[in-house]
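Reader: Please take me through the reading of a protein model, one feature at a time.

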Amino acid sequence: MHQADVIVLGAGIVGVSTAMHLRQRGLDVILIDRRYPGEETSYGNAGVVERNGFAPHPFPSSPSLIAQILFGQSSAVSIDLRTVLNMVPWLLSYRRCGSLKHIQDYARVMGSMRELVLEEHARLAELSNAQRFYRRSGWLHLMKAGPGFSAGDTERHYARVFGVEYRELDEDGIAGLERDLRAPGYKGIFWPQTESVSSPGAVTEAIWRGFVKAGGKFITADAAKVERTRGQWVLPTDRGEITSSHAVVALGPWSADFCRKFGEDFPLAVKRGHHLHFRPRSGASLSRPVVDLTNGFVLTPMEKGIRLTTGVDFSNRDAPPNKSQVAKAERKARMLFPLGEAVESEPWCGSRPCLPDSLPILGKSSKVANLWFNFGHGHCGFTLGPLSGRLMAELLLGHKTAVDVSALNPYRFDV
Ligand SMILES: Cc1cc2nc3c(=O)[nH]c(=O)nc-3n(C[C@H](O)[C@H](O)[C@H](O)COP(=O)(O)OP(=O)(O)OC[C@H]3O[C@@H](n4cnc5c(N)ncnc54)[C@H](O)[C@@H]3O)c2cc1C
């Protein structure tokens, strides 16, 4: 029998950060996951802790990109037709969120959140001895000169508004920063304040260890078995029954499944993505994440090699990896950087948990007592996780939040 103030469901970056912040504020916290902490989406991402990121990930609008997607030629976006047909209402809502007003709202929220993301990572890294994974390397955006380059105008506009540094680079400037990149016809934007990690899974694991060291408990269990009984949250596990006053849902791409059981319906969809590691060709090296925005992939130097992470794959969350998406990205990546042998034989596949407006859900249930939500961090959950954990702890304790979270209200999609 385990009694806690709060049970946190899900031990990805969002869950471990939430658990750590609650524990730091003196609560008895039990964190649960059906797997070892940090083995799902928080394991396989590109490891970028992004100081910029003021424009939501855009809905594909250019006719040539749409044609490439439909004919399976795009390395940036892949689709499974049946999945996409099932997602039509969500996709229409996502498209509506590309309006100027939504972009301005997104930028306002992200402007205040991104101001704090680096310090929140640093705080948790210090508490959990994870500093060794962090690099103050900045990150490099590449895009073909021409119309593709002006697509980044919004991002650069808001960077100036929020005082975030960037430098525009020509081919020589790109080579000056990363001598082994071959980027003919590309322009670059270097974002020096962004950081990156050499293993996002190891960072998540380290924060979890820090939480346990600080007196938190971790129990392997299935969140689907959680019940609300006699005014308490109850979860039977192999190690006895857990009861708690509050429950926080931090189940990433699985969050909506859990919430539905309690009558809460959220428009959470997934944009899958993949990764595969490569050895660099002899003598070649990369010192920071590089994103090719024209072709939709990222190359990040990681502990296991150069990690190639792919763009968006609109396929069923539980389907096997989409090897053709990885193959298309690999072909383009090899033109940019001298990749050698692949380290693994099979790609990793994960699911970005996405709401139509690209913002997470953070707040309290108005239908079920003491049920809290912290999920849907989409393309930037690794960046936002530590801050999101802090905001959740502040909300749950009734404290003033570090930033205004009203735009993350769980019921903003209800009309
Ligand atoms: C290819 C790719 C690249 C990305 N690159 C970046 C990047 O560079 N920077 C960035 O900021 N973000 C990036 N992201 C996004 C980021 O990885 C995610 O937003 C983030 O990891 C989500 O974290 P989470 O804790 O919400 O979910 P998860 O890490 O998926 O954690 C959810 C946890 O819930 C557990 N769980 C699920 N169901 C149950 C159940 N029934 N019972 C118990 N436990 C359960 C799972 O086991 C898992 O541990 C990328 C994502 C992808 C796919």
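The dialogue below goes from the overall fold to the strands, the core and the ligand shell.

Reader: What should I know before I start?

Author: This is a predicted model, in which local features need pLDDT of at least 70, side-chain atom pairs count only at pLDDT 80 or more, and totals for chains, interfaces and linings use all residues. Residues are numbered from 1 along each chain as its sequence is written.

Reader: How many helices and strands does the protein chain have?

Author: Helices (H or I, at least four residues) and strands (E, at least two) are DSSP runs, numbered from the N terminus. The protein chain has 13 helices and 22 strands. Its radius of gyration is 21 Å, close to the 22 Å of the globule rule for 415 residues, so the chain is as compact as a globular protein of that length. That radius is taken over C-alpha atoms, and the rule is 2.2 Å times the number of residues to the power 0.38.

Reader: What percentage of the 415 residues is buried?

Author: A residue is buried if 20 or more other C-beta atoms lie within 10 Å of its own, exposed if 12 or fewer, and partly exposed in between, with C-beta atoms placed from the backbone. In the protein chain, buried residues make up 51% of the 415.

Reader: Why is β2 described as largely enclosed?

Author: Five of the five residues of β2 are buried, so the rest of the structure largely encloses this strand. Both of its faces are covered, with V29, L31 and D33 buried on one side and I30 and I32 on the other.

Reader: Which way do β1 and β2 run, parallel or antiparallel?

Author: Two strands pair if DSSP finds at least two bridges between them. Strand β1 (residues 2–9) runs parallel to β2, joined by four bridges. One of the residues involved is V6, whose bridge partner in β2 is V29. By contrast, β14 and β20 pair in the antiparallel sense over seven bridges, and H275 has W348 as its bridge partner in β20. Six of the seven residues of β20 are buried, so this strand too is largely enclosed by the rest of the structure.

Reader: In what order do the three strands of the open sheet come?

Author: The order is β3-β9-β5, with antiparallel pairing. β3 (48–49) and β5 (134–135) are at the edges with a single partner strand each, so one side of each has no neighbour in the sheet.

Reader: Which residues have the most contacts inside the largest nonpolar core?

Author: A nonpolar core is a set of buried Ala, Val, Leu, Ile, Met, Phe, Trp, Tyr and Cys residues joined through C-beta atoms within 7 Å. The largest has 110 residues, and I7, L9, L31 and V249 have the most contacts inside it. Helix α6 (residues 100–127) gives the most to this core, nine residues. Two residues are in contact if their C-beta atoms, placed from the backbone, lie within 7 Å. Leaving aside neighbours within four places in sequence, the contacts of V249 include L9, F258 and W372.

Reader: Which residues come nearest to the ligand?

Author: A residue counts as near a molecule if its C-beta atom, placed from the backbone, lies within 6 Å of it. Of the 42 residues around the ligand, G12, N45, G252, G273 and G381 come nearest. Elements that give two or more residues to this shell include α1 (13–24), β2 (29–33) and β20 (348–354).
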